[in-house]
Amino acid sequence: MITNGWIVSIFTSIVSFAVGYTFAKIPRLGDKRATSASTKASGQQNASDANTERVYADMGGEYKMVLVVRNDLKMGKGKIAAQCGHAAVGAFETGLAKTPAAVKKWQHSGQAKIALKVESEQAMMEVYRIAKTNNLNCCVIRDAGRTQIEPNTKTVLAIGPAPIAAVDAVTGHLKLL
């Protein structure tokens, strides 16, 4: 015997499925389908970005972001955390614009973020130069100078999100923070 509760339960399940399916089909921020249409219309994505996006989209495996922190500045733990937060957000934002497929894969593979250290601004900028040469998404953070650090000091470099192999090729020699 079918009761009203059972009918309501089936109806609720069907409606829930339909709503979930509909929302799954809506393009999200960073979704390659949504981004490619808007960038083609606005002409913002250049050939280099499109090529990098295609290469990263074709690479399998997991993705990560690294945060390269200047150890010579002797920042406090809270200051390091804040600077790394700025760098991660900056890299994520530029990644959405330049390599949305890589960002999406990174989001679906756990959003790994690894903190590494360098001993000078020169060492950090050398890593930055190599990362840019390899077409990796990068974000260098300069401090505002309101607390522990002089204004305009470069504190943290974020690289990625990108395939682990591509990031490790640039940062594999660095030690964990």
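At what angle do α4 and helix α5 pack, and how far apart are their axes? The two helices pack at about 125°, with their axes 6 Å apart. The legends below refer to a predicted model, in which local features need pLDDT of at least 70 and side-chain atom pairs count only at pLDDT 80 or more, while totals for chains, interfaces and linings use all residues. Residues are numbered from 1 along each chain as its sequence is written, and side-chain values use heavy atoms, with hydrogens and water left out.

**Figure 1. Overview of the protein, with seven helices and five strands.**
Helices (H or I, at least four residues) and strands (E, at least two) are DSSP runs, numbered from the N terminus. Along the sequence they follow the pattern α-α-α-β-α-α-β-α-β-β-α-β. Of the 177 residues in the protein, 34% are buried; buried means under 20% relative accessible area, exposed over 50%, and partly exposed in between (1.4 Å probe, protein chains only). Contact means heavy atoms within 4.5 Å. Among contacts with a separation of 6 or more, 75% are between residues 24 or more positions apart.

**Figure 2. The packing of α4 against α5.**
Two packed helices are described by the angle between their axes and the distance between the axes. Axes are lines fitted to C-alpha atoms, for helices over the stretch in contact, and angles run from 0 to 180 degrees between N-to-C directions. Angles under 35 degrees count as roughly parallel, over 145 as roughly antiparallel, 65 to 115 as roughly perpendicular and the rest as oblique. At about 125°, α4 and α5 are therefore oblique to each other. Helix α4 contributes F92, G95, L96, A97 and K98 to the contact, and α5 contributes P100, V103, W106 and Q107. These residues divide into six nonpolar, two polar and one charged. In this division Ala, Val, Leu, Ile, Met, Phe, Trp, Tyr, Cys and Pro count as nonpolar, Asp, Glu, Lys and Arg as charged, and the others, Gly among them, as polar. The buried residues of α5 are P100, A101, A102, V103 and W106. After α5 comes G110, with a positive phi near 100°.

**Figure 3. The aromatic pair of F92 and W106.**
Rings of Phe, Tyr and Trp (its six-membered ring) pair if their centres lie within 6.5 Å; planes under 30 degrees apart count as stacked, over 60 as edge-to-face and the rest as tilted. The count by this rule is one aromatic pair. The ring centres of F92 and W106 are 6.3 Å apart and the planes are at 45°, so the pair is tilted. F92 belongs to helix α4 and W106 to helix α5, 14 residues apart. F92 is partly exposed at 25% relative accessibility, whereas W106 is buried at 4%.

G95 is buried, with 0% relative accessibility. Apart from neighbours within four places in sequence, G95 is in contact with P100, V103 and N137. The C-alpha atoms of G95 and I159 are separated by 9.8 Å, and the two residues are 64 apart along the chain.

**Figure 4. D72 and K74 in the loop between β1 and α4.**
D72 is partly exposed at 31% relative accessibility. Leaving aside neighbours within four places in sequence, D72 is in contact with V118, E119, S120 and E121. Its C-alpha atom is 9.6 Å from that of T155, 83 residues apart along the chain. K74 is exposed at 64% relative accessibility. The phi of K74 is positive, near 55°, in a residue other than glycine.

**Figure 5. Backbone geometry at N135 and P161.**
N135 lies in the loop between α6 (121-133) and β3 (138-142). Its phi is near 60°, a positive value in a residue other than glycine. N135 is partly exposed, with a relative accessible area of 39%. The peptide bond from G160 to P161 is cis, with omega near 0°. P161 is in strand β4 (residues 154-163).

**Figure 6. Cysteines C84 and C138.**
A disulfide is a pair of cysteine sulfur atoms within 2.5 Å. The whole structure has zero disulfides. C138 is in no disulfide, and the nearest cysteine sulfur, that of C139, is 8.8 Å away. C138 is buried at 10% relative accessibility. C84 is buried, with a relative accessible area of 10%.
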